[in-house]
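This report sets out computed features of a single model for a reader who works with coordinates. Please keep the display below at hand while reading.

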Amino acid sequence: MASLWRAATTALTQTQTTQTDCDGVEFWSNPERTGWLMKQGEYIKTWRRRWFVLKQGKLFWFKDSTVTRESKPRGVIPVATCLTVKGAEDVLNKQHAFELSTRTETMYFIADSEKEKEDWINSIGRSIVQHSRSVTDSEIVDYDNKR
């Protein structure tokens, strides 16, 4: 049963993280930030140590720190979909914790130190600002033509 679950979740993860998710981002070359973070699993909420790469508005994660052109990300978060990034020690009751929130979900991470946590929050926050639009097309209201 465990191997069936592993096969199903592996297939799902590989399907979710296709080349189109990467949008041509060369995550293996000159990233804006890299480092180890603890991340909760999507389905089984255990904490796992993953190597994170922030580049061109996308936060990728991998099982190990040797990232090459052939590496397959375990997941990717487009930071333009994120609304906030902030400390979360009080939420998780864990040191060096922070959260990244979209309209539909909140993801939690734990850094190795307070400095690492602050550096990740600053880097992701800067990326959110750089890659999000202040007003989406669907939110634009043309008051001149609205009667």
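The model is predicted: local features need pLDDT of at least 70, side-chain atom pairs count only at pLDDT 80 or more, and totals for chains, interfaces and linings use all residues. Residues are numbered from 1 along each chain as its sequence is written, and side-chain values use heavy atoms, with hydrogens and water left out.

**Overall architecture**

Four helices and seven strands make up the protein chain; helices (H or I, at least four residues) and strands (E, at least two) are DSSP runs numbered from the N terminus. Their order from the N terminus is α-α-β-β-β-β-β-α-β-β-α. The chain has 147 residues, of which 35% count as buried. Buried stands for under 20% relative accessible area, exposed for over 50% and partly exposed for the range in between, with a 1.4 Å probe and protein chains only. Of the contacts between residues at least 6 apart in sequence, 44% join residues at least 24 apart, a contact being heavy atoms within 4.5 Å.

**Aromatic contacts**

Rings of Phe, Tyr and Trp (its six-membered ring) pair if their centres lie within 6.5 Å; planes under 30 degrees apart count as stacked, over 60 as edge-to-face and the rest as tilted. The count by this rule is eight aromatic pairs.

| Pair | Centre distance | Plane angle | Class |
|---|---|---|---|
| F27 and F60 | 5.1 Å | 50 degrees | tilted |
| F27 and F62 | 5.2 Å | 50 degrees | tilted |

F27 lies in the loop between α2 (19–22) and β1 (33–40) and F60 in strand β3, so their pair ties together parts that are 33 residues apart in sequence. F62 is also placed in strand β3, so its pair with F27 connects parts 35 residues apart. The relative accessible area is 3% for F27 and 0% for F60; F62, like F27, is buried.

A cluster linked by ring pairs contains F52, W61, F98, F109 and W120. The charged end of R33 sits over the ring of W120, 5.0 Å from its centre; this requires NZ of Lys or CZ of Arg within 6 Å of the ring centre and within 35 degrees of the ring normal.

**Helix α4**

Helix α4 spans residues 114–131, and its 18 residues reach 26 Å from first to last C-alpha, close to the expected 26 Å. The expected span is 1.5 Å times one less than the number of residues. W120 is one of the buried residues of α4, as are K117, I121, S123, I124, S127 and I128. These buried residues pack against β1, β2, β3, β5 (82–87), α3 and β6.

L92 belongs to helix α3 (residues 89–92) and touches W47, A97 and Y108, not counting residues up to four places away in sequence. Its C-alpha is 9.5 Å from that of I110, 18 residues apart along the chain.

N93, in the loop between α3 and β6 (97–102), has a positive phi of about 60 degrees although it is not a glycine. N93 is exposed at 71% relative accessibility. Q56, in the loop between β2 (47–55) and β3 (58–62), is likewise not a glycine and has a positive phi of about 50 degrees. Q56 is partly exposed, with a relative accessible area of 45%.
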